[in-house]
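Please look over the sequence and the model before reading on.

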Amino acid sequence: MTCVDATRPDPGQAVGMTSRSMSGTRVLVTGGSSGLGAALVAAYRARGARVLVTDLGEPAPDASGDYLTLDVRSDGDWQRAVAWVDEHWGGLDILVNNAGVASGGRIDVVPMEEWEWVLDINLLGVVRGCRAFTPVFKGQGSGQIVNVASLAGLAHGPGMATYSAAKAGVVALSESLRYELAPYGISTSVVCPFFFRTNLAASLRGSDPSATELAARMITGAREDATAIAERVVAGVEAGRPLILTDRDGRVVFWGKRLARALYDRQMLARGASMAR
């Protein structure tokens, strides 16, 4: 995709990626055992932050640091996370809602069970996290919510309705909470990365093989890796950016849709026609 001006500044461009000390900062990361979550954990720990890693199942045998089993679909698990940070840390500074699953497919192929699975994890999992920790942040008079969405939440291509709908919901939720919670000293950022290399390709799940294969190729062939994306996310959060676009390709698509809409539409329609063939 060609953008009118791919180099112009935008609200999500992470700049000034410093590694300033965050000693004492208390961070909770969901889905923190692998992929972008693990890279975010490493980036925060490198800055001296205390990080609670949460994920499904038990920690790996060689894992270090604080860990808590948390299924983002479980209200009970979220309440246990709130209790943990209260007991061990006396509060929380940054909540990173990162856990998610990848899925895609054509509207007449993907069953409703898959829609419910994707939305429950990718959207309602984020909602549950925000609901669980907002009272904590309000009580403190401070806090940062970081919701990991995707560029698919801003640009909605064919064959990705399940994933795009969930991630667009995360974008909308984050924007709404930004305005709603600011009076309480709580900031909200939403992260919208483009494709980057991660183990997510190995765990793709979907009922439409053509869409799954395409997504796997895009992930494995991406130029950026999770470590680079995580550094930009942390820098964007430190800078207080409400929208964090982590890579050049994402900025090209973001601005292309807004400044060259006719071209963007032609390209999306061409993709849809290719999929139909």
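## Basis and overall make-up

The model is predicted: local features need pLDDT of at least 70, side-chain atom pairs count only at pLDDT 80 or more, and totals for chains, interfaces and linings use all residues. Residues are numbered from 1 along each chain as its sequence is written, and side-chain values use heavy atoms, with hydrogens and water left out.

The secondary structure of the protein consists of eight helices and seven strands. Helices (H or I, at least four residues) and strands (E, at least two) are DSSP runs, numbered from the N terminus. Of the 277 residues, 50% count as buried. Here buried means under 20% relative accessible area, exposed means over 50%, and partly exposed lies in between, with a 1.4 Å probe and protein chains only. Among the contacts with a separation of 6 or more, 70% are between residues 24 or more positions apart; a contact means heavy atoms within 4.5 Å.

## The sheet

Seven strands form an open sheet with parallel pairing, in the order β3-β2-β1-β4-β5-β6-β7. At its edges stand β3 (66-69) and β7 (243-244), each with a single partner strand, so one side of each is left without a neighbour in the sheet. Two strands are taken to pair if DSSP finds at least two bridges between them. Strands of a sheet pair through backbone hydrogen bonds, either parallel or antiparallel.

Strand β2 (residues 50-55) is joined to β3 in the parallel sense over four bridges, and D55 has T69 of β3 as its bridge partner. β2 also pairs with β1 in the parallel sense, over five bridges; there, V29 is placed opposite V53 in β2. Strand β4 (residues 94-97) runs parallel to β5, with four bridges between them, and N97 is opposite N147 in β5.

In β1 (residues 26-30), five of the five residues are buried, so the strand is largely enclosed by the rest of the structure. Both of its faces are covered, with R26, L28 and T30 buried on one side and V27 and V29 buried on the other. In β5 (residues 143-148), five of the six residues are buried, so this strand too is largely enclosed by the rest of the structure.

## Cavity and pocket

Rolling a probe the size of a water molecule over the atoms shows where empty space is left. On a 1 Å grid over the protein atoms alone, a cavity is a set of points where a 1.4 Å probe fits but cannot get out, whereas a pocket is an open set with protein on both sides within 12 Å along at least five of seven lines; lining residues have an atom within 4 Å of a point. Grid points are joined across faces, edges and corners, and a volume is the space filled by probe spheres set on the points.

The structure holds one cavity of 30 Å³ or more. The largest cavity contains about 30 Å³ of space and is lined by T30, V72, W78, N97, N98, A99, G125 and V126. Its lining has four nonpolar, four polar and no charged residues. In this classification, Ala, Val, Leu, Ile, Met, Phe, Trp, Tyr, Cys and Pro count as nonpolar, Asp, Glu, Lys and Arg as charged, and the others, Gly among them, as polar.

The second largest pocket has about 230 Å³ of space. Of its 16 lining residues, G32, S33, V53, A63 and S64 are the closest to its centre. Both α1 (35-46) and β3 supply at least two residues of this lining, and α1 gives the most, with four. By class, the lining divides into nine nonpolar, four polar and three charged residues.

## Selected residues

L70 lies in the loop between β3 and α2 (75-88) and is buried, with a relative accessible area of 3%. Apart from neighbours within four places in sequence, L70 is in contact with T54, D55, L56, D77, W78 and A81. By contrast, A165 in helix α4 (residues 161-181) is partly exposed, at 36% relative accessibility. A165 and L119 are 46 residues apart in sequence, and their C-alpha atoms are 8.1 Å apart in space.

Two cysteines are also buried: C130 has a relative accessible area of 4%, and C192 has one of 1%. The count of disulfides, defined as pairs of cysteine sulfur atoms within 2.5 Å, is zero.
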